[in-house]
Amino acid sequence: MSERTADRDWWRHAVVYQIYPRSYADSDGDGIGDLPGITSRVPHLARLGVDAVWLSPFYPSALADGGYDVDDHRAVDPRIGTLEQFDELVRTLHEAGIKLVVDIVPNHSSNRHAWFRQALAAGPGSPERERYVFRRGGGADGELPPSDWTAIFGGPAWEPVGDGDWYLHLFAPEQPDWNWDHPDVRADHLRTLRFWADRGVDGFRIDVAMALAKDLTEPLPSAADLADVLDGDHRFFDRDEVHDIYVEWRRLFDEYDPPRTAVAEAWVPAHRRTRYASPLGLGQAFNFDLLQAGFDAAAFRRVVTDNLRFAREADSSSTWVLSNHDVVRHASRYALPAGADLDAWLLSDGKDPEPDTGGGLRRARAATAFVLALPGSAYLYQGEELGLPEVADLPAAALQDPTWLRSQGAQKGRDGCRVPLPWTAAGPSFGFGPGGSHLPQPSWFADVAADRQDGVPGSTLEFYREALAQRRRLPVSEELTWVPAPEGVVQFTRPGGWTCLTNFGPDPVELPAGRVVLCSGQVRGNLVPADTTVWLEAEQAPPSR
Ligand code: NOJ
């Protein structure tokens with residue numbers, strides 16, 4: 001494989017580290033993480049050994065949805081930095097051999113976007129309103145919503161604007177949906193993609209990739225009549241026409257050398273994911289199946305088998321995700337009994353049920369080592385390299401996630417995985433920055449701070465560093481062979497004589513043959529304890545004489 005070909009394919013097997021910019025590192029002490037803060041932590045990323053960084057939105061935003069309400073897609077939030085500081089970050093990452101993927105949010109803008117303001121000002125029936133999804137309300141004066149649809153964050157999916165028109169927002173009211181049938185919307189997004197690609201961005205993560213194309217011909221069905229089964233029939237999720245948009249984007253990505261990459265966030269049934277991952281479209285799609293599976297041998301094996309097949313069918317590579325900015329961190333999920341209701345647990349401030357913190361971390365490390373041994377690319381979320389659990393007891397007054405308000409307190413939301421990182425055990429905001437932190441950090445952050453773990457054998461940070469370093473030694477290949485194993489154990493081999501074994505069960509199991517190169521816990525004699533993953537490589541045959 002030539003150097004250039006290898007580079008074109010970097011995304012197929014990359015370890016991509018997600019940064020939620022407002023919570024990573026704060027250089028100026030305003031309590032909000034920023035681009036210079038991230039740049040200052042590139043040595044951490046390089047030492048960790050990641051191949052790429054995915055930056056969640058850093059665009060100007062009123063933060064009605066943590067930055068996924070974008071005012072201007074071709075600018076940087078002044079609280080986070082400047083375009084020059086963005087360029088500096090790209091340069092520093094590239095010098096360290098790390099690629100950069102940015103988040104694109106094409107389903108909606110914010111309600112402060114210039115085009116949305118123009119649409120409001122221009123009034124009903126105006127061309128400006130056609131860029132979004134406005135409909136006349138029902139009733140004598142348009143006082144009723146055009147349909148009874150509910151938004152994903154709760155509450156109605158339509159918002160009245162006071163003149164008989166309502167606009168559609170699948171998420172918060174501050175996130176009006178674009179009308180993707182409008183040529184201006186298409187052209188503007190192409191401009192955005194080019195803008196960042198020209199600045200050296202290597203790839204894009206596409207938010208809510210399955211919702212852009214909508215069939216809103218009248219009459220609108222009632223919420224009860226919206227198809228449950230997606231398969232292209234739903235009025236706004238996973239419609240086949242959405243791929244026409246991505247074919248056009250792919251043409252743009254392929255104008256670059258190496259081609260820009262893209263990964264779809266598409267919550268669709270697994271068999272529909274291949275369309276998003278097609279090389280004629282975005283090229284890769286997130287597989288969230290492990291986020292939804294418990295720490296369970298049969299479930300993990302099934303998810304891997306299915307997804308390797310889907311990836312092959314799509315001519316793509318698979319993706320593995322255990323944590324991100326939208327879910328309870330995996331160290332906490334695995335600390336709870338199987339099937340625990342995570343929303344109820346958060347509402348109890350993380351007390352009911354009582355988490356098994358030690359067991360959760362053990363299982364999280366085992367799951368991470370399992371995932372990092374798989375073919376395909378792995379997406380890590382900031383702080384998981386410290387073994388961070390969820391901050392489950394954030395006080396109601398501190399919550400920022402729109403889910404909390406829109407669900408009227410029925411769901412606490414996603415702030416518990418977005419608390420600014422603890423870099424140091426001492427100092428203001430645990431080294432996050434010289435000032436405070438936009439979400440309160442718990443006192444136990446001192447125990448898990450990066451500086452407490454740095455250089456400490458067996459710490460989660462050193463374990464991640466070792467795992468990523470060993471993973472680089474694995475031959476690049478998308479092959480995996482299952483090895484028969486007892487119940488509760490999953491074992492597979494990779495080309496080059498590598499074996500990965502995870503003991504999901506309660507009892508120790510026998511260590512397979514080979515030289516141990518990584519263990520998420522500690523091998524005891526020739527036994528692999530419960531909740532542990534071990535990697536082995538074949539012993540070198542003695543040199544023949
Ligand atoms: C998915 C993002 O990951 C999530 O954080 C956001 O709230 C929604 N899309 C809406 O943009």
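Biologist: What does the accessible surface of the chain come to, and how much of it belongs to carbon and sulfur atoms?

Modeller: This is a predicted model, so everything here is read off predicted coordinates. The accessible surface of the chain comes to about 21500 Å², with 52% of that belonging to carbon and sulfur atoms. As for burial, 60% of the 545 residues count as buried.

Biologist: And how do I read the overall size of the chain?

Modeller: Start with the secondary structure: the chain has 17 helices and 18 strands. Its radius of gyration is 24 Å, close to the 24 Å the globule rule gives for 545 residues, so the chain is as compact as a globular protein of that length. Along the principal axes, the C-alpha trace spans about 90 × 50 × 45 Å.

Biologist: What share of the contacts joins residues at least 24 apart?

Modeller: Take contacts between residues at least 6 apart in sequence: 66% of them join residues at least 24 apart.

Biologist: Now a sheet. What holds strands together in general?

Modeller: Strands of a sheet pair through backbone hydrogen bonds, either parallel or antiparallel. One case here is an open sheet of three strands, ordered β4-β6-β5, and its pairing is antiparallel.

Biologist: Why is one side of β4 and of β5 left without a neighbour in the sheet?

Modeller: Because β4 (134–136) and β5 (158–160) stand at the edges, each having a single partner strand. Neighbouring strands of this sheet are turned by 35° against each other on average, ignoring direction.

Biologist: How many bridges join β5 to β6?

Modeller: Three, and β5 runs antiparallel to β6 (residues 165–168).

Definitions and conventions: Residues numbered from 1 in each chain as written. Predicted model: local features only at pLDDT ≥ 70, side-chain atom pairs only at ≥ 80, totals over all residues. Heavy atoms only, no water. Pairing = 2+ DSSP bridges. Helix = DSSP H or I, 4+ residues; strand = E, 2+ residues; numbered from the N terminus. Axes fitted to C-alpha atoms, helices over the stretch in contact; angles between N-to-C directions. Rg over C-alpha atoms; globule rule 2.2 N^0.38 Å. Buried < 20%, exposed > 50% of the residue type's maximum accessible area, 1.4 Å probe, protein only. Contact = heavy atoms within 4.5 Å. Areas by Shrake-Rupley, 256 points an atom, 1.4 Å probe, with all protein chains shown as cover.
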